[in-house]
Amino acid sequence: MSTLADLPTDVPGLVERMRERHRAAIADVPYAEVATLRIGGDEVASSGSVSPVIDPATGERWGSVPEASASEVDAAVRAARAAFPAWAALAPSARADALRRMAAAIERRAEPLALTNTLENGSPIAETSGAAGNAAAILRVFADLAGFLENPDIRPFPGGVNETLVARDPVGVCALIAPWNFPINLVVIKLAPALLAGCTVVIKPASPTPLSVRFLLDAADEAGIPPGVINLVTGSGATGDALVRHPDVDKVAFTGSTPVGRRIAAACGELLRPVTLELGGKSAAIVLPDADLDAMAGVLLRSCIRNTGQTCYISTRLIATPERYDELVEMVTSVIGAASVGDPLDPTTVFGPVATAAQQASVRGLIRAGVEEGARVTLGGDVPAPVAGGAFVAPTVFADVRADMRIAQEEIFGPVVTILPARDVDDAVAIANSTRFGLGGIVFGADEDAALRVARRVDTGSIGLNFFASNHFAPFGGRHDSGLGLEYGVEGLSAYLTPQSVHRRAR
């Protein structure tokens with residue numbers, strides 16, 4: 001394995017060896033050429049056109065799925081509607097038991113799931129190897145919330161003798177539309193609360209990652225979740241649009257880009273349909289003068305450039321005051337420059353390709369914009385891809401970035417980190433709050449009380465002190481252009497419920 005510094009694009013045999021390894025891996029995965037949709041528990045042959053699945057590491061086509069037509073979307077929604085009454089009638093504890101069985105069944109599929117995921121989107125196998133375990137953990141966390149649904153919620157009238165029983169009903173049939181960067185976990189954070197609430201669902205994965213999600217449905221079958229409770233359609237944006245606008249869908253949950261989220265929100269507004277949107281981010285990491293840069297170096301890759309920079313909440317804008325600025329630039333350049341670049345199936349790889357050729361073009365375009373606007377390149381930059389033939393992008397660090405530059409304002413979603421100088425802490429907070437996003441963030445500082453005071457001034461939905469990680473028990477959601485609504489925790493479960501207040505004489 002090579003680092004960015006010593007990995008030229010013409011290493012003899014490098015690309016061909018990677019292709020041979022990937023072709024051998026493809027022969028081992030159970031899903032590649034798929035011609036069916038999963039509707040009502042059956043594999044239903046589709047009449048739609050074929051959509052190829054491309055390995056972004058090699059650029060080679062290795063699988064395909066059908067593009068579901070509007071009539072096939074309709075069939076999936078009708079199957080979910082037919083399954084809804086019986087699933088909703090189960091006690092929450094019974095549904096929780098099914099989620100726990102599904103969690104165990106997913107864990108048994110961890111290896112082929114990870115392999116398929118990496119072949120779909122190029123995420124390093126070190127990343128995708130944790131997908132099944134994380135999905136299982138999410139299912140178990142929501143299973144443990146069954147008591148929230150079963151415990152009676154009785155609220156007395158103010159100053160009176162009457163009371164109200166607040167019942168929590170499942171909202172109905174839900175459309176779950178997932179992105180390509182984490183195609184398993186970003187489905188499960190929707191699926192787990194929907195199932196526990198008593199909803200039935202139709203899943204539409206992103207076009208580049210339509211195969212790995214099938215392991216979730218296999219696990220649901222093994223867990224005894226009835227046919228029709230979970231349905232799967234594949235296809236492009238037209239399939240997703242047909243699903244969002246279907247008259248018998250009661251709720252939509254979407255993770256993806258802000259522009260697509262706006263269109264879904266507009267459709268749901270027109271239809272008066274509840275929607276949860278987890279959208280883009282441009283999160284900031286504020287580095288205080290007393291920050292421990294050695295400790296920060298240990299979490300930098302995970303916190304600021306995870307999954308080849310394709311993680312919505314990572315802090316890709318590092319903001320530092322003059323005291324530590326030069327040290328920070330040196331540390332960040334050194335850590336990212338030393339990280340391994342190459343075959344995503346190699347367990348030591350940190351940076352694989354980005355997910356698609358279109359994403360590669362987008363990231364490289366923004367890197368060129370950064371160079372043209374005068375940012376200082378300390379690593380990578382507008383240079384050839386470190387590995388030929390696929391959708392690789394050279395990991396890049398920009399220093400001396402101004403807050404008004406495109407690379408400081410737009411979500412890049414690739415292996416690019418920007419470092420912005422601030423006059424003082426107040427200026428750092430102002431820079432952190434200078435984008436239209438508000439999803440994640442970090443404050444690095446040795447005095448955690450002081451760091452907390454700074455964190456509370458950052459206009460964002462979630463923020464960490466000296467690290468960032470999602471807590472499945474705590475709400476996660478964005479502000480402003482980063483989305484609407486919440487996932488995780490009781491708040492995420494409540495998004496799939498509709499209350500009914502029953503007023504009665506006090507008992």
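Author: Start with contact: it means heavy atoms within 4.5 Å. This is a predicted model, where local features need pLDDT of at least 70 and side-chain atom pairs count only at pLDDT 80 or more, while totals for chains, interfaces and linings use all residues. Residues are numbered from 1 along each chain as its sequence is written, and side-chain values use heavy atoms, with hydrogens and water left out.

Reader: What does Met102 touch, not counting residues up to four places away in sequence?

Author: Met102 touches Leu139, Leu191, Leu195, Leu216, Ala219, Ala220, Ala223 and Ile225.

Reader: What makes a nonpolar core?

Author: A nonpolar core is a set of buried Ala, Val, Leu, Ile, Met, Phe, Trp, Tyr and Cys residues, joined through side-chain atoms within 4.5 Å. The largest has 104 residues. Met102, Ile225, Ile230, Leu318, Leu328 and Val332 touch the most other members. Helix H8 (residues 185–197) gives the most to this core, ten residues. A second, separate core has 29 residues, including Leu288 and Met405.

Reader: Why is helix H9 called mostly covered?

Author: Buried means under 20% relative accessible area, exposed over 50%, and partly exposed in between (1.4 Å probe, protein chains only). In H9 (residues 214–222), seven of the nine residues are buried, so the helix is mostly covered. Among the buried ones are Arg214, Phe215 and Asp218. Just after H9, Gly224 takes a positive phi of about 85 degrees.

Reader: How do you know that S6 and strand S7 pair?

Author: Strands (E, at least two residues) and helices (H or I, at least four) are DSSP runs, numbered from the N terminus. Two strands pair if DSSP finds at least two bridges between them. Three bridges join S6 to S7 (residues 162–170), so they pair. They run antiparallel.

Reader: What makes a pocket, and which residues lie nearest the centre of the largest?

Author: On a 1 Å grid over the protein atoms alone, a pocket is an open set of points where a 1.4 Å probe fits, with protein on both sides within 12 Å along at least five of seven lines. Lining residues have an atom within 4 Å of a point. The largest pocket is lined by 38 residues, and Phe254, Thr255, Gly256, Ser257 and Val260 lie nearest its centre. H11 gives the largest share of the lining, six residues.
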